[in-house]
Amino acid sequence: MNIGGQIFAHFYDRIFERTERAGLTDMRRELLSYATGDVLEIGAGTGLNLSLYPKAIETLTLAEPEGPMLKQLSRKVDGSVLQVVEAPAEELPFSVETFDTVVSTLVLCTVNDPARALSEIRRVLRPGGNLLFLEHVRGEGSIVKWQDRLNGINQVVGHGCNCNRDTLASIRAAGFTVLRVSNDKLPKAPAHLRPLIWGIAQA
Ligand SMILES: C[S@@+](CC[C@H](N)C(=O)[O-])C[C@H]1O[C@@H](n2cnc3c(N)ncnc32)[C@H](O)[C@@H]1O
C-alpha cells in the first residue's frame, strides 16, 4: 500500500480548506452550474464537488483510481450518486457517448497521460457534450521557469501533481472547442500553483 497516497488522501480536505474558503468553492460551484444530463466526474478525489452539483442533473457517476481517495470519497457519497468506479481517466470503463457532461477539477495536472485522458473524455461524451474543467496550469512570464524548476519536487509533495502543464493547449489539441475560459488564480496557493483556468470545452 502506498503510504504517500494514504497521507495525501487523509489530509486532502484540510490542505485545501483555506483555498476553498478563499474562493475555490465558489469557482467550483459556478463551474458545476453548467453540468447537465448524465454527468461523469473524473479523479473525484475526496468528493469536494459533491454538494455543489445542481439538483437538475440526471445522473452522477464518479471515477477515481486511487484506493485511499476512494475510501474518503465513500464517506461523502449518498443516494444522489448513481455509481462510483475505480478507474483512471486514461481508461474509462464506459461505452462511447454515455455522458452529457464530464467534470475535471484539479485532475489533468496529475493524470499520467493527458492526451489519452482527454481522448477518453471525448469518447464517452455525447456529441455536443461538455467538458467542465478547473485546472491549475503553466503560467506566463517569469513564473514559468520556477514551475519547470519546481516540477520534480512538486510531483513528490503533490502526489504526482505537475505544476507546469499547458492544459488548455492539450484540451484544444484533443479536438475540443473551448466555449469559455476564465484565467484566474488558485487562492492562497504558492506562486507556482497559482495560475488557474476554468471553463467549458465542447466535444
Ligand atoms: C488534486 S486531486 C483533485 C481531487 C478532486 N478532483 C478535487 O477537485 O478536489 C487529484 C485527483 O486525481 C486523481 N488521479 C490521479 N491519477 C489519475 C488518473 N490517471 N486518472 C484520473 N484521476 C487521477 C487522484 O487520485 C486525485 O483524486
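Q: What makes the space taken by the ligand a pocket?
A: In this predicted model, the space taken by the ligand is the largest pocket. A pocket is an open set of grid points with protein on both sides within 12 Å along at least five of seven lines, and a molecule sits in one if more than half of its atoms lie within 2 Å of its grid points.

Q: Which residues come nearest to the ligand?
A: There are 18 residues around the ligand, and Tyr12, Arg28, Gly43, Glu64 and Thr105 come nearest.

Q: Why is Arg28 called buried?
A: Its relative accessibility is 4%, and buried means under 20%; therefore Arg28 counts as buried. Arg28 is part of helix H1, residues 3-32. Leaving aside neighbours within four places in sequence, its contacts include Tyr12, Glu20, Thr105 and Leu106.

Q: Is Leu106 buried or exposed, and how do you know?
A: The relative accessible area of Leu106 is 11%. The limit for buried is under 20%, so Leu106 is buried. Leu106 lies in the loop between strand E4 (99-105) and helix H3 (114-124). Its phi is near 60 degrees, a positive value in a residue other than glycine.

Q: Is Lys188 buried or exposed, and how do you know?
A: For Lys188 the relative accessible area is 54%. Exposed means over 50%, so Lys188 is exposed. Lys188 is found in the loop between strand E6 (177-185) and strand E7 (195-202). Although not a glycine, Lys188 has a positive phi of about 60 degrees.

Q: Which residues of helix H2 are buried, and what do they pack against?
A: In helix H2 (residues 67-76), the buried residues are Pro68, Met69, Leu70, Gln72 and Leu73. The buried residues of H2 pack against H1, strand E2 (59-63) and strand E3 (83-85).

Key. Residues are numbered from 1 along each chain as its sequence is written. This is a predicted model: local features need pLDDT of at least 70, side-chain atom pairs count only at pLDDT 80 or more; totals for chains, interfaces and linings use all residues. Side-chain values use heavy atoms; hydrogens and water are left out. Helices (H or I, at least four residues) and strands (E, at least two) are DSSP runs, numbered from the N terminus. Buried means under 20% relative accessible area, exposed over 50%, partly exposed in between (1.4 Å probe, protein chains only). Contact means heavy atoms within 4.5 Å. A residue is near a molecule or strand if one of its heavy atoms lies within 4 Å of it. On a 1 Å grid over the protein atoms alone, a cavity is a set of points where a 1.4 Å probe fits but cannot get out, and a pocket is an open set with protein on both sides within 12 Å along at least five of seven lines; lining residues have an atom within 4 Å of a point.
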